[in-house]
Amino acid sequence: MSRLVFKSNPQPPPYLLLLQTCSSMNQLKQIHAHTLITGLARFTYITSKLLAFSALSEHGDLRHAETLFNRIPAPNVFDFNSMIMGFLKNSHSEKGLSVFTKMRRIGADPNARTFTVLVKAWVGVPLLDQIYGQIMKFGHGCDVYVTSSVISVYCKLRAVESARRVFDESLDRNVVCWTSLLSGYCGNGLVDDARDLFDKMPERNEVSYSAMVSGYVQNACFNKAIDLFRDFKRRRANVRLKESLLVSVLNACASVGAFEEGKWIQMYLDDHGFEYGLELGTAGIDFYAKCGFIKDAKEIFDKMPRKDVTTWSAMIMGYAINGENDTGLELFAEMEKKGPKPNAVTFVGVLTACNHKTLVNEAWRVLGRMSKVYSIAPEIEHYGCMVDLLARAGRVKEAEILIRSMAMEPDGAIWGSLLNGCLIHGHFELAGKVGKLLIQLEPQHSGRYVLLANMYAKMENWEDVLRLRKMMKDREVVSISAWSFIEIDGVVHKFLANDKSHSHSRCIYQTLSQLSKELESFSNANDSLLL
């Protein structure tokens with residue numbers, strides 16, 4: 001082994017160069033042994049390099065680093081930082097904090113790097129308050145990277161007011177600090193506060209725009225995310241867009257069916273030579289699949305040089321939601337042969353692909369393989385797929401038995417699927433029981449009352465219809481109208497039932513009336529041919 005590191009040479013070995021090319025603990029120990037023999041181990045720079053490799057390298061050994069550290073008579077700030085980083089990297093927060101305590105006990109002054117690392121220990125708000133006090137004491141409050149780290153961690157700990165206080169107290173706030181607080185607001189659901197902060201920023205860069213767009217997507221404000229992206233394109237027409245921003249916008253476009261904007265992104269990717277990496281490729285697959293262009297989704301899937309379980313799962317789900325059940329199941333079979341090991345999300349897609357009454361037995365087989373072959377315990381989403389499939393296939397009793405056997409409490413979505421199945425196939429007695437249970441479970445869900453009231457109306461049970469309407473009024477249940485949307489020239493238009501709020505509603509209803517007349521005329525003509 002020694003011959004791999006040290007060759008016969010009359011000159012002293014270049015230790016620093018050897019440390020830079022070191023790739024294993026065996027090599028490091030050889031270098032360390034030679035530094036001890038030659039007396040070079042007494043030099044702080046050499047010792048610090050040995051320690052840093054042991055504590056921080058992916059080939060290192062934290063226990064060996066701890067032994068080395070404890071033998072250094074007077075560790076410097078770089079040694080302390082290496083040990084703190086090493087412990088935190090390996091999820092030993094308490095040990096990292098104890099190293100900092102020792103540092104203060106022997107009188108070694110921490111630097112900005114110490115605090116940037118230390119705040120990421122996620123030690124809780126009270127201890128973070130103390131660390132922030134130390135930051136101010138040693139004059140690092142003006143360091144923008146220290147400040148932004150503190151703001152970020154306060155927000156992750158849900159202490160948004162403390163994060164804002166640190167931001168307000170900072171004397172030197174650059175775009176990094178502003179963006180840290182903006183992201184923190186978004187992460188805590190304060191998207192309006194985030195936008196207000198964004199609008200007040202003295203300087204914005206692509207990272208700021210990306211953070212705000214991602215925040216909108218994270219909080220399901222998809223149209224606002226797309227609008228902001230369009231604004232960014234207008235203002236910075238010559239800036240090369242980054243992958244992270246494009247992924248966020250593609251996710252927003254997929255959620256609201258904004259096909260034109262998503263298509264623009266795909267053309268931009270092709271024109272600028274982007275490679276379909278895991279995140280970008282999967283986002284593209286999801287976008288095209290949700291917009292109904294499954295062939296384009298498959299084209300991206302085939303172009304990707306590497307595919308992980310998320311990519312395969314997205315493609316399988318894409319086939320499932322576009323009605324290509326058999327193709328989705330064939331892709332899953334291919335994944336089992338040559339792809340990555342499927343996970344719980346994959347099986348949601350596979351079970352969704354079984355959403356036809358002819359595939360009920362296949363769904364049971366998949367559910368069995370999931371637990372027996374892959375040791376994945378069914379979660380509520382998997383039960384939801386099965387109950388929905390069984391109920392719509394008319395196997396209502398089977399669906400009810402499955403619900404009763406679940407390892408967890410069924411949620412409203414599962415009982416709702418059973419109720420829909422009961423109504424479709426005329427199981428009104430069971431529907432009445434399930435409907436009452438649903439109203440108890442989700443007393444503010446207007447759809448549950450409406451479904452049950454419609455059933456009673458169909459049965460001409462007007463007394464129960466009135467009872468349900470009164471119950472809704474007494475409980476102040478807000479009716480949520482269903483809506484649809486269509487994209488024209490890059491603008492998404494949203495419509496409610498009987499909606500007359502659209503600026504072109506008069507023209508829309510005239511066209512709808514004309515279409516109805518033409519359909520009726522066509523139907524009458526066909527009926528006359530059959531006579």
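How far apart are the end C-alpha atoms of helix H26 (residues 412-425)? They are 20 Å apart, which agrees with the 20 Å that its 14 residues should span at 1.5 Å a residue; the expected span is 1.5 Å times one less than the number of residues. This is a predicted model, where local features need pLDDT of at least 70, side-chain atom pairs count only at pLDDT 80 or more, and totals for chains, interfaces and linings use all residues. Residues are numbered from 1 along each chain as its sequence is written, and side-chain values use heavy atoms, leaving out hydrogens and water.

**Helix H26**
- Helices are DSSP runs (H or I, at least four residues), numbered from the N terminus.
- Because 10 of its 14 residues are buried, H26 is largely enclosed by the rest of the structure; buried means under 20% relative accessible area, with a 1.4 Å probe and protein chains only.
- Among those buried residues are Trp 415, Leu 418 and Cys 422.
- The buried residues of H26 pack against helices H24, H25, H27 and H28, with contact meaning heavy atoms within 4.5 Å.
- Just after H26, Gly 426 has a positive phi of about 75°.

**Meet Arg 448**
- Arg 448 sits in helix H28 and counts as buried at 12% relative accessibility.
- Its side chain reaches the backbone oxygen of Gly 412 at 3.1 Å.
- Arg 448 also touches other residues, including Ala 413, Gly 416 and Glu 442.

**Confidence**
- The chain has a mean pLDDT of 87; pLDDT is the predictor's confidence in each residue, from 0 to 100.
- Confidence is lowest in helix H1, at a mean of 46, and highest in helix H20, at 97.

Note on methods. Helices (H or I, at least four residues) and strands (E, at least two) are DSSP runs, numbered from the N terminus. Buried means under 20% relative accessible area, exposed over 50%, partly exposed in between (1.4 Å probe, protein chains only). A polar contact is a pair of N or O atoms within 3.5 Å; within protein, one must be able to donate a hydrogen and the other to accept it, and residues adjacent in sequence count only if both atoms are side-chain atoms. Lists of a residue's contacts leave out its neighbours within four places in sequence.
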